[in-house]
Structures are given as structure tokens and as C-alpha cells.
Amino acid sequence: MASPPLLTDIGSDYSQRYGFRNPEQYFVKAPIGLSHEVVEMISRLKAEPEWMRTFRHRALDTFLAKPMPSWGNSELLSQIEFDQITYFVRATERLGESWDDVPEDIKRTFDRLGIPEAERKFLAGVSAQYESEVVYHSVKEELTRQGVIFLDMDSGLREHEALVRKYFATVVPAEDNKLAALNSAVWSGGSFVYVPPGVEVAIPLQAYFRINAERMGQFERTLIVADRGARVHYVEGCTAPVYSTHSLHSAVVELIALPGAHIRYTTIQNWATNIYNLVTKRAVAYEDAVVEWVDGNIGSRLTMKYPSILLKGERAHGEVLSIAFAGPGQHQDAGAKAIHLAPNTSSKITSKSISKDTGRATYRGMVKVRRGAHGSRTAVQCDALLIGEKARTDTYPTMEIAEDDVRIEHEARVSKLGDEQLFYLRSRGLSEDQARLMIVNGFIEPFVKELPMEYAVELNRLIALEMEGSVG
Amino acid sequence: MSAEPVLVMPGLEVERISDARGEPAALRAMRRQAREVLAEMVLPDRARHLWRYTDPRLFVPHRESVGAVPTEVRADWVVNGSHSATALIAGGAVRELELADVARRAGVTVTDLHGADVEETLGSAVPPSHGFVEALNTAVWQGGVLVRVPAGVRLAAPIELQIVAGGSGSVATPRVLVLAGESSSFEIVENHLCGTLESSHVLGISELLVGPSAHVRHGLVQRWHGGVIGHLTVRARLARGAKAQLSLASFGGAVVKVDAGALLEGEGAEVETCGVAMGGNRQHLDHHTEHLHSAPRTRSHLDFKVALTQAAHSTYTGLIRIAESAGASEAYQENRNLLLSADARAETIPELEILTDDVRCSHGATVAPLDAEQLFYLLSRGLPPGQAQRLIVYGFLDQTLRRLPQTTRERIEALIAERLHSED
């Protein structure tokens, strides 16, 4: 460990007595590479409680001990150089880049999507905040009145330590997998949401509203707890491409739906195509609770993301609705898991993927019914659309059933963009481009209609961009 | 990740086997090569789905012996009904060969594989690199037949192979090679039986080379006793316009793994795989199927049904792979599991890997209990519960058998009925 315990104690004592909370001046960026020293620095900088510091160190040991997954795209995974990554950068430090450094294609996409100037800079990492303060203010007042906590994870830990400690890493323990261990060791940013019993949050909570927070962290950590009978819709990310010079993004998201609660979590991931997006997302649903993951994967070089739901209480229900668009050179390795642990639980997984040119989309899923989870039902539906003779799609579903009184269904279909449909649409006077776009839009319609309106509009524009020049 | 070396078996006496059987040089070379491949292998990684649910170590035999062989040919090993040819493999040797006149006149041959000239063909569908069980079999197989049906020959009656597992502690390593000439058409059925009630290993390989426009119906009917730990690998290579029907019927054994598949290598080739598996007691059944499309306009169809009682455990993994070179292909895959007891367990992993866009492909899998409505209907017609349940299970499995040749279908149906009645 980096520093002798005595010095650590002195440090935390200072921060309590004198409120030296802004050590940014002294330390804004960790050295390259990963070590206990780096973990110690991150934790001390954030003035974290002892349990979190210990948690991080243990997680690092786990990370170092665990092998990389032997499944999935090993070729791409083996290219990640963990020693070449900077594991912590203060938000303000990210402003080092200028607008001129942002790649042309990203700027062009901002243009085409009609993203406001201020927001563009924010998304491109050139500005740390964008002017949503006015919107945020009224949202914040309403939330406070209801007793809803909506903070970035670092502030959440500072201001609501007991709550965070109670739930943090209970759904995704550091030992879960190598990348979850990595995130546990070096996490920074992400959201902490707590909705009190019976409270229904009327508008979707968007990470957007949290100004000046470390929203786009490389290793963000989000924890959402909906107490008994509470209801919340959380929206993360956005459809505009997120530009980052970092090559690895590895988040952990934990959702806890206590009895009767309802959580919907919507993400549309559109990282620039140099990013490895390796994310662990898992929810636990207690009696009569409902958890829904609405998950879109458009960007990144390689995404590995399998939103999971542990159906722990009787009659709990889980849904995963996802789309993936794999353009040239991209591999979207996405899927879903539903683990039925209690009687009469139900789950529904709908996955739609589009592989274009040399793109590859993979559905990797798991449905488990444990002994005793009688009366459980699950339906899995995977549809893959292929555009171009080098496009690739895989379906790897796994179903493990240890209970006889259950109904498990899995169906998958693979098809190419149909000549007949195209012919029909062209005979109606549409150009080939328009016709293709219309078919693709029809294909992802079940996903788009679940999105908040502004996202749906942006997603449609984005798909139009991705489909450009697909003729021939 | 497992890094244990597979085996350093004292029984890998490749030379001794070749000497004793007076094998041609090519066969001896093939055994030596397989032994070398095996020496480099480690046991499969359990994280890979193919071995996720079955411990590969179970299939590593601890003895070299092919075991004591009953000298008499038992009545239940004899094939009844009409047939074009029969062969009996027991105790590591071909015990009987019989060829009907009509087949002999047509030029059909069924011969002992130990003396055959099969340099170009043996191992071409299942090479030693396939896996450790296959490398092991290729190094030390004993008791094999070569079936050759010349071009244009169509056989009305089936060719029947009776393959008997050995006695206590033995390891049977049977090997079957079927060469179907251009435009030939016939049925061949392998019956895997037991000699004794004692525990033993069976590690078998069957290869089918189906020539252009040939049509082969291959059946694998496995009814071992409860002491057998068995692994059977079946691969058919299909040339241009060839058709194959692979049917699997698994009833017996303590731990059974079957790896069956087709390589669709010629344009327009078609394969249909039909499987039924019944598990009871504490049986562990693991079936893997593969349809690999590498030529244009190929088609595959798979229907695999599993019914489980008591504490039986079944794993099904199926792969459809359509290569970039296999445009305009179609593939369908369906796996249905019926769980008849709270202690039964089933896993199903139907996989698709599609590398080109001009395809039609779908798969489905279900796991469900006995349909309460069907049961209610039958009970309302006055059937006792036991009989009603048997009828539903029978109907569930029988749907898959519909496309099989009549006599084989009837034989498998009889085995299903027998098994259903023995469960009471």
C-alpha cells in the first residue's frame, strides 16, 4: 500500500477539520497504469471513508488475479493495454483538449443531429458543463420536495454514506468479473439515485441534469435504489456520439427495485468507434417489483454488455429491450440475462440487431430458472437484420432450467434486408436509400417507441446517418 | 481454464494394435499421428459451452483393456427383419458380417476396417484434431467396419450395424466409415447395445462421406445399460446435391455425450437431423449438433426433442454456422424439452453464427412441463393419469420421428413405449 496508515489518518483529519476538499490543485491526474498507489491516491483525493478505500484495494487484488474472459471477441479484448491507461482524471483536467482536436466525423455528426453548440462541446469533452442549469433548477426543487436523492456517485457517498454503504456493490460484487473488479478499484462519477417509498418520479431522470458532475467518466459507477412502491425512469447517455481520447470505458450499474418498485433504465450508447465499452449492468427485483432495461448500442469499437435481472421476489418481472447497430469494423456483443430465483417470476427479452458491411452483432443471453422458482415464464426473441454480404451475426443463448413447472421460450430469426420489401417500396416511388431506411426504421420501431421523444427523434436521425451510402 | 494434459495412457499401444490386426501402413501412420495430436492436447476448457455441463474427465478411460468378451452371440444382438447387410462389432472386433444377395450383386461391400485401404477417407470428416475423444479413438480404435455403396446403387432394405459395449471396466472404441457413391441411396442404422450390465466406456466415431446427389439416411439408436459412460461422434460430409438424414435416439447410459453434425460442402447439399432423447433416474445426457454450411444454396433442418423424468439431466447445444461462401442458404433449428419431474434439469443453447447476409435462418427452443390442457382433455376421456401422461410424451417425441424411414421409426417408437411403461 502506498502510504503508511498514519499519514492517511492525518490527511482525512485535515479534510474534516478544515474542509480541504479541493485537492485538484495538487493532484488532478493519476500516473499512467494501475497500482495500489493509484487506488490509494484516488480514494484519498476523494476523502473517502475507510470501508470504500478498503473495498477499492480488495477489488484491485481481484482484478489482478482474475483472467480476462476466455469467451467473446478475444482478439479485440487482448488488445487492451491496461498498463497504458490513465485511471483517474479530474473533470476540469479534461478541458485540455480544444474543439479543433475533435475529429471531423464527430463534428459532422453533431451538425447533422442538430445538437446545440454548448452541448456539442460538452459531449466532445471540450467543456465540462453545458447550460442546463435553468432546467435543472426546477427539476431539482421538485425532486427535493419528494425526498428523491439524485447526485453524482461521489457526492452521494459523501452526503448519504449510510445509504450508499447499505446497497453499494451488493448487486455487482467486485469479484463478479475482471472488468467489474477494475471499475470497483478505480470508479469515479456515475449517478446515485434513491427514491423513497411510494414516490413516483414523474419525469425521466437524466444524467444531463447533473451539471458539473463527472458524467462521462471512464469508470463510472451508478447505483439506483427504488424503495417500496417507488417508481423511476432513469435515462443515461444520449444519441450524439461521445468523443473521448480514452480507449476503455468500463462502467458498473446496479439497480435495486424493492418490493413493488418499478425501475426503467434507458441507455443509448454512442461512443466514438475507438472505444472499448465493457460494462456490467445488473438489477435485482424483489416481490412484485418491475425492472426494465432499454438498451441501445450504436457506437464503440467493441461493446460487451449484458443487462441482467435477478428476479429475487415472488411475481417480480423483468424486461430487456435492446437494439444494436454494428457498422463497419464494429462488434456489438450484447445480450441479456434473466435469473429466476423466486416462484411466479416472469421475464421478457427482445433483442434486435443490425449488422452492416463488416459489422458484427452478437446476442449472448442467459435464462436461468433455479429450483423452486415454479410458475416462472420467460420469452426471448432475437431478430437480426443483415446488410451486405460480409455482415455477421451470432446468437448464443443459454437456458438452464431446474424446475418443471415453468415455460421457457426462445426464438431467433436472421434475415437480410429483403429484396421484395425494397422492390415494393421503390415501386411506390421511394429512392433506394429511402426504402432501406424505412425498412430499418420499421425493424427497430418496437425499441424507438419506448424512448422519450427527444431521444427517439435523435435516434431516427442517427440511424439515417448510419444508413447513408448503404446502397451497393 | 484447465491445463491438465489429457492422458498419458499406458494403453496407447498403437504399434501393438496395428501388429495384431496386420494393418496396412497407412492405418498405422494415422494411429501414430493421432497419438501425437493427443499428446499435445489438454482437457477442454469447462468455460466453453461444449463442455460446460459435462465433465470431460469422465470420458478419460483408466484402463486399456477392451475387456472380456462374451463368446456367444446373444439373441438380442441379432437383427430381425429384412436388411441389405449386417455387421456385429463386439469385444473390439467384427464378429459377424452378412451381405444380402441383392446388395452383393449391386457391388455393396461391408468389410473389416482394420484391413481396409482408407488412407484418403478415414478421418476426413472427424480428424484427430476434432477433440481429445476423437484423437483417442483414432489412435486406438478396435472393431470397425467399412461400408461402401457404389455409385447409382439404391438399397430398399437398411444396412444394420450392431455395436456392443464391452464388459466390466472395459473401453470399447468402435469406428464406422460409410462411403456413399454418387447418386446412391440407402439407409444405415447403428444400434449401440450392451453385453453386460457392468460399467464400461464407449468412445465411438462414425463418418459418412456422402457423394454427389447421394441420399443417405443414418440412424443412431443408443440403448446402453445404466453403467455405460459413452461418447459418440458422428459427422457427415455432403458433396454437391447430396442429402443426409441424421437421426439420433438416445435411451440408455449413465453419462452420454453425442456430437453429431453435417458439413455441407457441396452446392445444394441438404441435411435433416431428427433427435429424440429420453432420460430417467440420474441419467446425464449431453447432445451437441452442428450444421456447418460452407457452400451456396445449402439447407439444413434440425428438430431435437428431450423428455426427462426423475432426476435426469439433459444438455443440448446446437450450432448453425453459415460461412461467407454459403450465400442463398437456409437453416432451421428447433429444440424442445419436456420436464416431467421437479428434479429433472435441462439446458439448451441453440447457437447461430451467420457470416453472410443472403440467408434465411431461424431457431427456437422451449422448456415446459406437461401441457395441463392436453392432460385434462385425456383425463376427461376417461384415461387413467399414467396412461394419459404416457400418451402425451409419446406424441411429443413421435412428431420428430415422422420423417424417418418406416421400420426405423417403428423400432424407435417401440423403444419409447417400452421406456414409458418401465417408468411406472
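Predicted model: local features only at pLDDT ≥ 70, side-chain atom pairs only at ≥ 80, totals over all residues.

Student: Okay, how many helices and strands are in chain A?
Tutor: Chain A has 13 helices and 19 strands. Of its 472 residues, 51% are buried.

Student: And what about chain B, how many helices and strands there?
Tutor: Chain B has 7 helices and 20 strands. Of its 424 residues, 55% count as buried.

Student: What share of the contacts in chain B join residues at least 24 apart?
Tutor: Counting contacts between residues at least 6 apart in sequence, 82% do in chain B. For chain A, the share from residues 24 or more positions apart is 83%, among contacts with a separation of 6 or more.

Student: Switching to helices. Why is helix 10 of chain A described as largely enclosed?
Tutor: Because 9 of the 9 residues of helix 10, residues 178–186, are buried. Those buried residues include Lys178(A), Asn183(A) and Val186(A).

Student: What do they pack against?
Tutor: In chain A, the buried residues of helix 10 pack against helix 2 (36–45) and helix 3 (50–65), plus strand 4 (221–226), strand 7 (252–257) and strand 9 (276–285).

Student: Where does helix 12 of chain A bend?
Tutor: At Gly442(A), by about 40°, with a proline, Pro446(A), following within four residues. Helix 12 covers residues 432–448 and reaches 23 Å from its first C-alpha to its last, close to the 24 Å expected.

Student: Which residues of helix 12 are buried?
Tutor: Ala435(A), Arg436(A), Leu437(A), Val440(A), Ile444(A) and Phe447(A). Among the chain A elements that the buried residues of helix 12 pack against are strand 13 (317–326), helix 11 (419–427) and helix 13 (453–467).

Student: On to the two chains together. How many residues of chain A are in contact with chain B?
Tutor: 34 residues of chain A are in contact with 36 residues of chain B. On the chain A side, strand 17 (377–387), strand 18 (392–401) and strand 19 (407–416) are the elements giving two or more residues. That side divides into 14 nonpolar, 7 polar and 13 charged residues.

Student: Parallel or antiparallel, how does strand 19 of chain A pair with strand 20 of chain B?
Tutor: Antiparallel, over 7 bridges, with strand 20 of chain B being residues 359–368. Within that topic, Ala412(A) stands opposite His363(B).

Student: Last topic: is strand 15 of chain B enclosed or exposed?
Tutor: Strand 15 (residues 284–293) is largely enclosed by the rest of the structure, since 10 of its 10 residues are buried. Both faces are covered: one side has His284(B), Asp286(B), His288(B), Glu290(B) and Leu292(B), while the other has Leu285(B), His287(B), Thr289(B), His291(B) and His293(B).

Student: Which strands does strand 15 of chain B pair with?
Tutor: Strand 13 (residues 255–264) of chain B pairs with strand 15 in the parallel sense over 10 bridges, and there Leu264(B) has His293(B) as its bridge partner. Strand 17 (residues 313–322) of chain B also runs parallel to strand 15, joined by 10 bridges. In that pairing, Leu285(B) is partnered with Ser314(B).

Key:
Residues numbered from 1 in each chain as written. Chains lettered and ligands numbered in written order. Buried ≥ 20, exposed ≤ 12 C-beta atoms within 10 Å, placed from the backbone. Contact = placed C-beta atoms within 7 Å. Expected span 1.5 Å × (residues − 1). Bend = angle between axes of the 7 residues up to and from the residue. Nonpolar A, V, L, I, M, F, W, Y, C, P; charged D, E, K, R; others polar. Pairing = 2+ DSSP bridges.
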